[in-house]
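Here is a short tour of one protein model. Keep the sequence and the 3D view at hand while reading.

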Amino acid sequence: MPEGRSFFITTPIFYPSDVPHIGHGYTEVAADVLARWHRQAGDDTWLLTGTDEHGQKMLRTATANDMGPREWADRLVTEAWLPLLDTLDVANDDFIRTTQQRHESGVAAFVQKLYDAGFIEAGDYQGYYCVGCEEYKQPNELLPGTGQYDGQLVCAIHSIPVELLAERNYFFRMSQFTDALLKLYEERPDFVQPESARNEVVQFVRRGLEDLSISRSSFDWGVPVPWDERHVVYVWFDALLNYITAVGYDSDPETLQRRWPAVHLVGKDILRFHAVIWPAMLMAAGLEVPRQVFAHGWLLVGGEKMSKSKLTGIAPNEITDVFGSDAFRYYFMRAIPFGQDGTFSWEDLAARYQAELANGFGNLASRVIAMIGRYREGLVPEATESSERDLGVQAVVRDAAAHADAAIDRMAPHEAIAAIWRIVEELNGYLTLEEPWTLAKQPDSAARLDAVLATAAEGLRALAVLLSPVLPEATARLWEALGAQAALGSLTDQPIRQAGQWGQLPAGTHVGTLAPLFPRIEADVLSA
């Protein structure tokens, strides 16, 4: 078992009613980058993702495709959602499906516990329901329809008509937890982040909470309510429980104690479910609330949220087939401040690929490896002197590593990458000033050339370690070419919080050859 603290991070579980788009990939990669960093730091890390397969939306989609809902879910999970993780190089520890027995039995046990404790009771409800959101909507969350939906009310998120439903359901007495939630937000201001998300949640709860309908009786695709199987558990009440059923709730108390509580990464459109309903559920059950709920922004295309229903969805492989998985990971983690909305454009992606990955990092790695091979017969030289510039590089590496780790702790991967990129810029500037290609022609500059090449090689060593959570494929290739695999062991075994400590790559390490980490992409491919 790792010796560090527990770090359990989750993505939302996604509806496999359609194939994933880059918005889903964005969340998966963000969670993976954070998990890889903590794992490499020695923390007891667990990354959970999965699919939410119950509810009316899934049932209708399956029916429209002439399949049963379980058959449809099996097909989409196998053909689209699990392959997404491979496409983006996501190293998740678990993948939960809400149709699995471990989850369904845990849901039944949880709702029975709340029912026995008096937190669930029967009642009547009427309201506007969005099947796309699987949520009852308040009047201020609806818009007048236009075009084919003229005269109807539509969901502000999905732009599709809502349905007026009237049912006798079971209700979770969520209104009882208004004060407890406000106390939680006050005592733990970092419970919901970023600050804009926290403010939204606090204002919402201050207006007072209503009891929550947690069952449906108009269809049967879901977890049956244990004491009344005419009803199935409301899909969101069911889905939220995946975060504990996946780590042993009602089956493995030791694992639950080891893993829980979790950090939840969520899109801002599902913030209230995770920051209001979910902690209230846990309070009712006598369980610890999550460590944190962090709401990231939306990916925008043409000014609109990425959406399959609006035909703005872009499949992740449309990017990875051209630029590769590392470029996908780097772009979305670097270009968009985590927690804010961000606009995707092919032009910006191509420009960053060329300037930052190919010319900045990739060219730096290729030059240093090639010069060690050409000028020192492939052996990393020993630095017998240190100039002010050499010490300056060391300071930049040390500071960048510390700033990056601090940024990861505050859930700011974009700031972490920016800090690490200072090393790339420093090393490129260092080589320009030192001109090792000129030093190599001067026999009396041999010691200086040794120091420059040793400094550059050690800088690459630090870069490989620090960037491995973001660029796992490229850094693995660099690590091998640098000879660090033989000299220091596996890249992912290097303690990332010690990456800034200077002098870890031994003199005499034999470097290999390195093909371009980020090959040039022809203009005709980019314009296709």
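This is a predicted model: local features need pLDDT of at least 70, side-chain atom pairs count only at pLDDT 80 or more; totals for chains, interfaces and linings use all residues.

## Helices, salt bridges and a surface patch

Helix α11 passes helix α13 in a right-handed crossing. Helix α11 covers residues 316–323, and helix α13 covers residues 346–375. Their axes come within 12 Å and cross at roughly 30°. Angles under 35 degrees count as roughly parallel, so α11 and α13 are roughly parallel to each other.

Next come the charged side chains. How many salt bridges does the count come to? It comes to 33 salt bridges. Three of them are set out here.

| Salt bridge | N to O distance |
|---|---|
| Asp-93 and Arg-39 | 3.0 Å |
| Arg-259 and Asp-44 | 3.0 Å |
| Arg-230 and Asp-228 | 2.8 Å |

Take the pair of Asp-93 and Arg-39, a salt bridge with its closest N and O atoms 3.0 Å apart. This pair links distant parts of the chain, 54 residues apart. Asp-93 sits in the loop between α3 (69–87) and β3 (94–97), while Arg-39 belongs to helix α1 (residues 22–40). Asp-93 has a relative accessible area of 30%, so it is partly exposed. Arg-39 counts as partly exposed too, at 30% relative accessibility.

Now turn to Arg-259 and Asp-44, whose side chains meet in a salt bridge. Here, too, distant parts of the chain are linked, 215 residues apart. Arg-259 lies in helix α9 (residues 253–259), and Asp-44 lies in strand β2 (residues 44–51). Are these two partners buried or exposed? Arg-259 is buried, with a relative accessible area of 6%. Asp-44 is buried as well, at 5%.

The side chains of Arg-230 and Asp-228 also meet in a salt bridge. Arg-230 is exposed, because its relative accessible area is 64% and the cut-off for exposed is over 50%. Asp-228 is buried, with a relative accessible area of 8%.

Ser-213 counts as buried because its relative accessibility is 7%, and buried means under 20%. The C-alpha atoms of Ser-213 and Gly-123 are separated by 8.4 Å. Along the chain, Ser-213 and Gly-123 are 90 residues apart.

Finish on the surface. Which residues form a nonpolar patch there? Tyr-128, Leu-153 and Leu-164 do, with about 260 Å² of accessible area together. Leu-153 is found in strand β7 (residues 153–155). Leu-153 is partly exposed, with a relative accessible area of 34%.

Methods
Residues are numbered from 1 along each chain as its sequence is written. Side-chain values use heavy atoms; hydrogens and water are left out. Patches are made of residues with over 30% relative accessible area and no salt bridge: like charges are joined within 9 Å, nonpolar side chains (Val, Leu, Ile, Met, Phe, Trp, Tyr) within 5 Å. Accessible areas come from the Shrake-Rupley method with a 1.4 Å probe; for residues, only the protein chains shown count as cover. A salt bridge is a side-chain nitrogen of Lys or Arg within 4 Å of a carboxyl oxygen of Asp or Glu. Helices (H or I, at least four residues) and strands (E, at least two) are DSSP runs, numbered from the N terminus. Buried means under 20% relative accessible area, exposed over 50%, partly exposed in between (1.4 Å probe, protein chains only). Axes are lines fitted to C-alpha atoms, for helices over the stretch in contact, and angles run from 0 to 180 degrees between N-to-C directions. Angles under 35 degrees count as roughly parallel, over 145 as roughly antiparallel, 65 to 115 as roughly perpendicular and the rest as oblique. A crossing is left-handed if the near helix is turned anticlockwise from the far one by less than a right angle, and right-handed if clockwise.
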